Amino acid sequence: SEPGKGSAFHFTARFSLQQKDGWPAAPVKGGGCVPQTPTTIVGKRVTVLLVEDNVVNQKLASRLLEKAGHTAVVAETGRRAVEILESQTFDLILMDVQMPDMDGFEATAEIRRREEASGGHIPIIAMTAHAMVGDQERCREAGMDLYVSKPIRTEELFAAMEQALAVSVDSAIC
Ligand code: MN
């Protein structure tokens with residue numbers, strides 16, 4: 001700031017886009033920015049909270065993420081995930097559905113409830129073993145953005161991550 005001249009403020013605003021029919025919404029236009037191609041996570045490192053109680057699945061998913069250059073922090077239960085989120089920020093959450101103490105649906109609902117007070121919307125991708133009819137609906141109702149079926153397949157996981165993180169604002173020319 002300079003007296004008589006004014007002040008310059010810089011800030012970063014993070015937006016999440018509404019999903020419709022499983023696809024990211026159209027690019028956001030505003031603020032005089034011209035949206036370019038949507039941002040992809042190819043070549044971009046993201047920090048993932050991996051919520052999973054099964055040790056084998058923890059290792060499998062962590063390895064996939066780390067091989068692609070991403071960082072994974074493991075939470076063994078839904079309750080632990082909620083605790084970790086109080087002190088750390090992540091780009092997205094991979095959420096197992098069946099877990100002891102607090103399952104994926106409950107944890108997601110709790111995270112969304114807290115976001116109502118704090119603002120923001122972290123992408124949550126459910127990892128579900130029961131590929132049952134109505135499962136996708138239940139995930140959506142709990143506040144999950146997308147889901148992938150277990151066992152986790154690399155291609156499906158990264159496609160879902162791309163989709164969840166596709167925010168064209170990042171690549172806009174301002
Ligand atoms: Mn589980």
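Biologist: What share of contacts in the protein chain between residues at least 6 apart in sequence join residues at least 24 apart?

Modeller: That share is 66%, where contact means heavy atoms within 4.5 Å. Do keep in mind that this is a predicted model, in which local features need pLDDT of at least 70, side-chain atom pairs count only at pLDDT 80 or more, and totals for chains, interfaces and linings use all residues. Residues are numbered from 1 along each chain as its sequence is written, and side-chain values use heavy atoms, with hydrogens and water left out.

Biologist: Why is Asp96 called buried?

Modeller: Its relative accessible area is 3%, and buried means under 20%, exposed over 50%, partly exposed in between (1.4 Å probe, protein chains only). So Asp96 counts as buried.

Biologist: And why is Asp53 called partly exposed?

Modeller: Asp53 has a relative accessible area of 32%, so the label is partly exposed.

Biologist: What makes Asp53, Asp96 and Gln98 donors of the manganese ion?

Modeller: Their atoms, Asp53 (OD), Asp96 (OD) and Gln98 (O), lie 2.1 to 2.2 Å from the ion. Donors are N, O and S atoms within 2.8 Å of the metal (3.2 Å for Na, K and Ca), so these qualify. Water is not among the atoms, so sites may look incomplete.

Biologist: What makes Leu49 and Ile111 part of a nonpolar core?

Modeller: A nonpolar core is a set of buried Ala, Val, Leu, Ile, Met, Phe, Trp, Tyr and Cys residues joined through side-chain atoms within 4.5 Å. Leu49 and Ile111 are among the residues with the most contacts inside the largest one, which has 21 residues. Apart from it lies another core, of 19 residues, including Val46 and Ile152.
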